[in-house]
Amino acid sequence: MLDLGMLMYAGLLILVIWRFLCFYRCCGIWLSFLNYTSLLYVMLAGMLAYCLNGFFAAARDDLEQYYVIAHSEANPWSIHWLKPFVQLTPIAVLVTLVLAWFQTDAHIFEIHKGKGILKHDRAVQIIALPAVFGVMALASMVPILELVTGKIDQEMINSPFGVDLKDKFQKKIDEIRMNLHMGGSSEVLLSTGQHVWFDVLPEWEEGKRLALWRYETCFYVADLFEAWALYQFGMLVLGLIKESYKRQEQSDSEPQREAARELLQSHHAVATLTWLGTMSFVLVCVGQTACSLWPYIGGEGAKQEFLTLEFQFAGFIASGAAIYNVFVVERAYHRQLDPCSPMLKFLSVKILVSLSFFQKGMLVALQAAQTFLPTLMQRFVTEVPVVGDIINMTDVQMHLFYPAVILVECVLAGIMHLWAWSPTEDWYEADVSEKTALMSDRERPYGTIESPTAQEAAASV
């Protein structure tokens with residue numbers, strides 16, 4: 001099984017370079033199918049096809065019974081509703097990808113007409129986020145399914161881009177099976193309901209460590225794209241605020257013009273403060289993505305788990321700060337942003353930002369809080385349908401349940417984008433009348449917008 005997280009990471013790096021070099025035109029030629037957004041969806045479709053093959057190959061196999069006997073968490077389907085819930089998730093990914101792709105094509109059509117090029121470009125990157133997150137969430141479930149069906153292999157660390165997944169473990173499983181059939185000395189305590197201890201346990205622990213790392217790598221790359229989309233959203237919003245001030249600066253009223261000039265002077269300082277929460281989230285996502293290379297450079301497993309835990313804490317705080325930052329901007333500049341109908345746009349961004357760390361942190365906190373409840377209350381919570389199952393999920397079950405929930409949210413976000421990011425809204429072209437006034441501006445890290453020509457927009461990356 002290929003490491004889809006690393007493959008996606010490499011693909012995104014190539015697309016960033018391609019966006020910088022060509023944007024939507026190359027040597028004056030319109031890139032109808034070779035622009036970076038179209039290539040992104042082609043890459044996502046290819047990865048999804050490969051991922052579905054691995055997903056269904058693992059999902060239809062029986063659980064490795066020697067793992068199930070030896071380790072209780074090796075049976076994720078002890079919760080009866082979890083298996084059908086997980087098996088239906090590919091439908092959610094397909095729906096999300098189709099919705100995002102068709103909506104992106106509508107924005108690219110507007111870009112081809114030369115209308116609001118930079119604004120439409122920022123919008124399509126935000127629209128692509130549920131599709132990217134959905135594909136990577138599905139990819140994250142594949143190594144977990146391979147783990148419980150006995151297909152995970154430590155040799156994947158040495159060959160992350162192609163390896164026979166089963167040979168090494170199959171030899172060990174065959175050896176244990178033969179030992180049991182021949183009346184070997186393995187301790188089987190089925191009659192007492194105790195755990196069964198085989199020589200397979202070390203392989204289970206090593207396989208689990210590898211599966212969880214590949215799981216985390218998929219989300220690391222998804223978080224990185226989420227940070228990029230959040231950055232683009234921030235640039236778009238701060239640019240719209242500045243456009244509002246510039247329109248006010250052209251007012252017939254002198255007090256209005258004077259107020260606009262003062263606001264423009266303070267715009268850079270306000271934008272800098274606005275970016276604090278967002279940039280902390282971006283930096284955490286960049287850092288954890290870089291650390292996804294840890295196993296491939298010979299990093300120790302103990303340090304690997306420590307890094308994962310540290311980034312989860314940092315990401316939980318940073319995502320909370322980013323969500324608060326988005327909330328503050330929406331409230332403080334609602335009047336300036338009113339022409340672009342900001343409510344659904346900000347709501348969709350808040351939901352998408354919470355996907356990476358915040359929701360997962362809440363689930364972990366919920367499980368931890370349950371252990372502090374009185375015994376009677378714990379029993380009561382356990383008996384509550386669904387909720388009790390979620391609170392008492394094993395590590396393996398949670399790593400299947402959480403991506404499945406994310407995929408449902410990605411579908412809802414994709415549907416919301418149909419209304420939130422319509423390509424025909426007037427505000428995309430609102431800067432046309434101010435083209436002369438904006439020609440001298442250059443995009444800086446804190447929110448001023450260039451004149452929307454293809455060449456200048458490409459240089460802004």
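This section describes the nonpolar core, the first helix, a surface patch and several individual residues of a predicted model.

The largest nonpolar core comprises 113 residues. Within this core, the residues that touch the most other members are Met8, Leu40, Leu44, Leu138 and Trp421. The greatest contribution to the core comes from helix H10, which spans residues 200-249 and supplies 21 residues. When residues up to four places away in sequence are not counted, the contacts of Met8 are with Leu40, Met43, Leu44, Met47, Val132, Met136 and Val221. Two of these partners, Leu40 and Leu44, are themselves named among the core residues that touch the most other members.

Met8 belongs to the buried residues of helix H1, a group that also includes Leu4, Gly5, Met6, Gly11, Leu12, Leu15, Arg19 and Cys22. Helix H1 covers residues 4-22 and contains 19 residues. The distance from its first C-alpha to its last is 26 Å, which is close to the 27 Å expected at 1.5 Å a residue. Just after H1, a positive phi of about 55 degrees is found at Phe23.

Positive phi values also occur at two further positions. Cys27, although not a glycine, has a positive phi of about 55 degrees. This residue is placed in the loop that connects strand S1 (25-26) with strand S2 (29-30). Cys27 has a relative accessibility of 78% and therefore counts as exposed, since the cut-off for that class is over 50%. Val386, likewise not a glycine, adopts a positive phi of about 65 degrees. Its position is in the loop between helix H16 (375-383) and helix H17 (387-391). With a relative accessible area of 41%, Val386 is partly exposed.

On the surface, a nonpolar patch is formed by Val408, Leu412, Ile415, Leu418 and Trp419. Together these residues present about 480 Å² of accessible area. Trp419 is located in helix H18, which runs over residues 395-420. Because its relative accessibility is 60%, Trp419 counts as exposed.

Lys83 and Phe401 are separated by 318 residues in sequence, yet their C-alpha atoms are 9.3 Å apart in space. Lys83 lies in helix H4, which consists of residues 82-87. The relative accessible area of Lys83 is 31%, so this residue is partly exposed.

Conventions
Residues numbered from 1 in each chain as written. Predicted model: local features only at pLDDT ≥ 70, side-chain atom pairs only at ≥ 80, totals over all residues. Heavy atoms only, no water. Helix = DSSP H or I, 4+ residues; strand = E, 2+ residues; numbered from the N terminus. Buried < 20%, exposed > 50% of the residue type's maximum accessible area, 1.4 Å probe, protein only. Core = buried A, V, L, I, M, F, W, Y, C linked by side-chain atoms within 4.5 Å. Contact = heavy atoms within 4.5 Å. Patch = residues over 30% accessible without salt bridge, like charges linked within 9 Å, V, L, I, M, F, W, Y side chains within 5 Å. Areas by Shrake-Rupley, 256 points an atom, 1.4 Å probe, with all protein chains shown as cover. Salt bridge = Lys/Arg side-chain N within 4 Å of Asp/Glu carboxyl O. Expected span 1.5 Å × (residues − 1).
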